[in-house]
Structure formats: structure tokens, C-alpha cells
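Me: Hello! Could you help me learn to read a protein complex, one feature at a time?

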Amino acid sequence: MLEPILGSTNSERVLIFLTAREEGYAREIARFFETGLAPIQQQLEKLEFGGVLVSRAAGRTRLYSLNPRYPFLDELKAILNKALTFYPEDLREDLTMNRRRPRRAEKPL
Amino acid sequence: MKSIAEMTQVELAAFVQSHLQEKGVSVILSGGASVAFYSDNQYVSADLDLICTLFTKQRVIEEVMQRLGFSQKGRYFTHPDTTFFVEFPPGPLSVGKEPVQKIEEYELETGILKIISPTDCVKDRLLGYFYWGDRQSLQQAILVAHMNPIDLAEIERWATEEGKLSDFGKIREQLIRP
């Protein structure tokens, strides 16, 4: 949807995912969109280098989020949030309705 | 002229900037290295963030850096004679949501240093504190504020625009030179 202005589908996937969930890691994003890991990692690194994203280590995982210092953050989020409203409802719900509260280790579902 | 091995962080920045400028590439020193300059090297970081201004050709940067003896490792350029490494973030040159308006220039032995102002340097460090609660960033902001003339009213205006006036209010007094 935003590929013409973002230059790549995977760039859109990464940005949409992080807009909806605020934080994510490469494998999680790739799995969600059922796509290859390498191109997602490539986009994450590219967007981080460009100052759009920031990352932090959490154990052996690198967690990415939108950079609050990015000068066009508000404008970018406005576009991404609008784009989200054009996504199919089931995909939009999957993106936004994920569990965020803590779950005790080994707790049965 | 000093050799690269003898250069301080900011002297190396001026050296690289001047060679790039000869090829029409303008890059501005920001980040931790600007704290080093404005704190008389009381704080030193290993990296040099030279922010690219509009439509900088990466190929030209690579050619110049290679000619100066640097080799590229991912996004960084390293040199066998110095522990400092150089990065060229694509910009824009900004402090939070706003573009940097004023660039300071200083003539050093190794070239012309182009750097953000002390006021913008303080803003830049405060961002790390405001968004990530990073105390080191706050200490660096205080260090620069105490050692240089800064425009506190301008920083307050900017903090308001960033939506961080309340956070700024809590540390405002610490920025005033004792």
C-alpha cells in the first residue's frame, strides 16, 4: 500500500508492525507476515541507520521501535495509522490485538 | 599538520570534514563528539557522528575516506592509526522534531570544524534523557551548559514543542552555571 513512497513492501511491513505494536523483533515480524527473515532484518537495519528506528537488546533478541527522536515521527505515524485503516480487518486486529500483559513462566494456557 | 594518530576526536572530525568539503560534501559534527568539543574533552566518545546534509552522495564519502586511509566496516569507517571511528548518519540534521538552524565553525589545526551550537548540543543530549531516562545524557547536557554560553529560554521553548516541558522543568535549574 505504501510501497510506492517507502520503496519496498518489507519496509511497509516493518513500519506498520512497529506502529501497531510499538515494539518487535525481526523473526516476529517475518513470521507475522509469513515472509523471509533476511529481507526484514535488512529493512530494520536500514531504517535504524536512517534514524527512523531504534533498537535495544533483550537477552539474545534485538527489539526495534520507532525512534521518538526522529524529526518526522508524528507525520510518519499519521500516514502509517491511516494506512492501517485500509488493511483488511482480520489483519488489522491481529496486528493490534496481541497480548502485552505479562504471563507467568510455564503457566498453562 | 598533525598525523591522524596524534589527532583528538574533534581534530579528526575537522580533518575529515575539510577533505569532504573539497569535494562539495558538507557534513556536520553532532552527537557525543560535540559534547567532547564543548566540554574540553572531559567527555570522550569513540565515535564521530558526521551528519550528512541534503542529498549527500555516499560514493563520494567512500572515495574520500578511502583516500584518507579509512576502511569501511558496515556503517562505520575505521583507521589503523586511531581508535575513533566515523559514521555518516543520513540526517536530517535535527534536534528532535526541529531542524538545526545554526552551525558553528571553528578553525582547528587540522581543518574547519563544523559543529552544532552548544545550545543544540544541550538539546541533543536532553533528548536521550527525556525519551530514555538516560542519566549520562543529562550529565553531558549539564556539563556543556556549565562550560559554554547557552540560550536557556530557547531550550525551554524547544522542550515545550517536544512536549517535554514538565520534564525540562525538573532539570532546568541544573543547567544554570553555578
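Me: Let's begin with the largest nonpolar core. Which of its 47 residues touch the most other members?

Reply: The general idea is that in soluble globular proteins, nonpolar side chains tend to be buried together. A nonpolar core here is a set of buried Ala, Val, Leu, Ile, Met, Phe, Trp, Tyr and Cys residues joined through C-beta atoms within 7 Å. A residue is buried if 20 or more other C-beta atoms lie within 10 Å of its own, exposed if 12 or fewer, and partly exposed in between, with C-beta atoms placed from the backbone. In this predicted model, the residues of the largest core that touch the most other members are A13(B), V27(B), I28(B), L29(B), L48(B), L50(B) and V122(B). Helix α1 (residues 9–22) of chain B gives the largest share of this core, seven residues. Domain 1 (4–116) and domain 2 (119–175) of chain B both contribute residues, so the core lies between them.

Me: What is L48(B) in contact with, leaving aside its neighbours within four places in sequence?

Reply: Two residues are in contact if their C-beta atoms, placed from the backbone, lie within 7 Å. By that test, L48(B) meets Q9(B), L12(B), A13(B), L29(B), A33(B), F84(B), V86(B) and E87(B).

Me: How do I read the numbering and the confidence of the model?

Reply: Residues are numbered from 1 along each chain as its sequence is written, while chains are lettered from A and ligands numbered from 1 in the order in which they are written. Since the model is predicted, local features need pLDDT of at least 70 and side-chain atom pairs count only at pLDDT 80 or more, whereas totals for chains, interfaces and linings use all residues. pLDDT is the predictor's confidence in each residue, from 0 to 100. Chain B averages 93, and 100% of the residues score at least 70. For the complex, the predictor gives an ipTM of 0.73 and a pTM of 0.84.

Me: How far apart are the centres of the two domains of chain B, and how many residues are in contact between them?

Reply: Domain bounds come from an automatic or database domain assignment. The C-alpha centres of domain 1 and domain 2 of chain B are 23 Å apart. Across the boundary, 14 residues of domain 1 of chain B are in contact with 14 residues of domain 2 of chain B. On the domain 1 side, helix α2 (residues 32–38) of chain B supplies the largest share, three residues.

Me: What helices and strands does each chain have?

Reply: Helices (H or I, at least four residues) and strands (E, at least two) are DSSP runs, numbered from the N terminus. Chain B has seven helices and nine strands. Chain A has six helices and two strands, in the order α-α-α-α-β-β-α-α from the N terminus.

Me: And what share of each chain is buried?

Reply: In chain B, 39% of the 178 residues count as buried. In chain A, buried residues make up 21% of 109.

Me: Lastly, how many residues does each chain give to the contact between them?

Reply: Chain B gives nine residues and chain A gives six. The chain B side has five nonpolar, two polar and two charged residues. For these classes, Ala, Val, Leu, Ile, Met, Phe, Trp, Tyr, Cys and Pro count as nonpolar, Asp, Glu, Lys and Arg as charged, and the others, Gly among them, as polar.
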